[in-house]
Amino acid sequence: MELFQYPYMQRALIGALIIGLAAPALGIYLVQRRLALIGDGVGHVALTGVGAGLLLNRSPVLVAVIVATLGAIGIELVRSRGRTSGDLALALLFYGGIAGGVMLVGLSDSTSSNLNAYLFGSLTTISPADLTTIAVLGAAILVTMIALRPALFAVSHDEEYARVSGLPVRTLNMLIAVATAVTVTIAMRAVGVLLISALMVVPVATAQQVTRGFRSTMTAAMALGLFAAGSGVWVAANADTAPGASVVLMAIASFLVVALAAGAWRVLRRRTTPTAVPAPEPHEVVLR
Amino acid sequence: MKPPVITVEHGAVGYDGRPVLRDVSLRVTAGEVVAVLGANGSGKSTLVRAVLGLVPLTGGSVTLFDRPLRRFRQWERVGYVPQRLGAGGGVPATVREVVASGRLARRGFLRPPGAADRAAVDLALRAVGLADRAGDPVATLSGGQQQRTLIARALAGRPELLVLDEPTAGVDAASQEAFAGALREFVADGGTVLLVAHELGPLRPVISRAIVVHEGGICHDGSVPEPAGHHAEPDHDHVHPHCPDEPARLWSI
């Protein structure tokens, strides 16, 4: 535990906890609209921003926020048009993003370890200024996702109904896209571009195995994200493993534990309660 | 003359250049219950979706509550019931959470729900007979109960106009009855209804006027057409409306 007396470890822990809480709060909307992997795509695009920032000697995180936001808006435009070629357009954006990032980082005079820090995260090198950025943006994401839950739920659940309700559907979709870009870039320092999606999606996947409603799923996913971040950093500090990977592995471990427990619970309940076969609906036509 | 609720003038809709509706005119006044009938692919669903602005018009105009659709903002006056609940990405949602979405138009999306919203959701759940399932995930409900959830969502907003797209398609008899009851109550309180249907079933007594869509145009506007041929037999309650110029074999097979 004495490792956590060092300020850099404290910053690592606080940063991870904020991201662990904010990422699933956004991720639940992405999962609900079947865009679970969008964070991954936006992460790829953000890498180009990192490369551009390093090349231009500007803050890589700041440039990454801008580039990732543009990428996320582009993806949202492709999605809302609903074209069949959307799939391919997304692929172009993803691989263009990561190739551009690798190339630009190579052109700048930073070392390959610098690229690794963004690909897989580098929690222990978070500066006090970085932590402030993570805290402010993370809190903004969290407040928006919770305060606008009824509207964001309606848009993600049934977009046409939301339109007939007079909701600003396009604005809310853009809000989710921009929030994705911001979450990806602040989580980039913690778990890295290649592992960000896991923190947005895996806690939601874990929670929804045992929950009955949207609100309870969101709460449980945030708690699970917090747990994965805290325990992951703790494991990393004690076993000297990569923090980003440890956080993601803790999230996946909780998924497996909950999945097994929920499965066992269902089997047990089926044995103890008499088989409750749902009553078939009556025929709608007269059979002769 | 009662005030007009829906007015469509020379409405036309096309998908990718293929016309689905051509020159459709329709007028629904307050308190009317209008059924839009027609065969599959006749354009009846497209007509109600165009009325709500879910598909763009390629010609003509739609007016809701005396206001052109483009400038219509009073969506709390409209309740929409789609054909079915979207599957979503698998995130569970309770019946109550889905029905509560129906309050957004009236409350505004920036304001958190209050006591009035909860009371309206309770009332809507009771109206469709789902009060005891409020806390259950919608995915565990039968098709008919899911359809009732969607009707409760529309009713929760206390609309003046209900627009329903095939609300009873593939719905069990118990749910059809519950649904007809909720609709009768809504109409008795002065509500206006536009509904797309393939079969009317227990809704038939509630309908005040029927419109038959055929090949993108309206070919009948008036009383509910009588079923014909073997469709008229007592144990068959499908309404397959005919158009005068329609080849008879379409229906007689």
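How are α7(A) and α9(A) oriented, roughly parallel or roughly perpendicular to each other? In this predicted model, helix α7 of chain A meets helix α9 (residues 169–191) of chain A at an angle of about 100°, and their axes sit 10 Å apart. Angles from 65 to 115 degrees count as roughly perpendicular, so α7(A) and α9(A) are roughly perpendicular to each other. On the α7(A) side, the residues making this contact are A:Ala151, A:Leu152 and A:Val155; α9(A) brings in A:Val169, A:Leu172, A:Asn173 and A:Ile176. Sorted by class, that contact of α7(A) with α9(A) comes out as 6 nonpolar residues, 1 polar residue and no charged ones.

Next comes the meeting of the two chains. Chain A puts 30 residues into the contact, and chain B puts in 30 residues as well. Which helices of chain A each supply at least two residues of the side that touches chain B? They are α1 (7–32), α7 (149–157), α8 (159–164) and α11 (214–239). Here α7(A) turns up again: with 5 residues, α7(A) gives the most to the side of chain A that touches chain B.

Out of its 253 residues, 46% count as buried. Taking the contacts in chain B between residues at least 6 apart in sequence, 68% link residues that are at least 24 apart.

Notes: Residues are numbered from 1 along each chain as its sequence is written. Chains are lettered from A and ligands numbered from 1 in the order in which they are written. This is a predicted model: local features need pLDDT of at least 70, side-chain atom pairs count only at pLDDT 80 or more; totals for chains, interfaces and linings use all residues. Two residues are in contact if their C-beta atoms, placed from the backbone, lie within 7 Å. Helices (H or I, at least four residues) and strands (E, at least two) are DSSP runs, numbered from the N terminus. A residue is buried if 20 or more other C-beta atoms lie within 10 Å of its own, exposed if 12 or fewer, and partly exposed in between; C-beta atoms are placed from the backbone. Axes are lines fitted to C-alpha atoms, for helices over the stretch in contact, and angles run from 0 to 180 degrees between N-to-C directions. Angles under 35 degrees count as roughly parallel, over 145 as roughly antiparallel, 65 to 115 as roughly perpendicular and the rest as oblique. Ala, Val, Leu, Ile, Met, Phe, Trp, Tyr, Cys and Pro count as nonpolar, Asp, Glu, Lys and Arg as charged, and the others, Gly among them, as polar.
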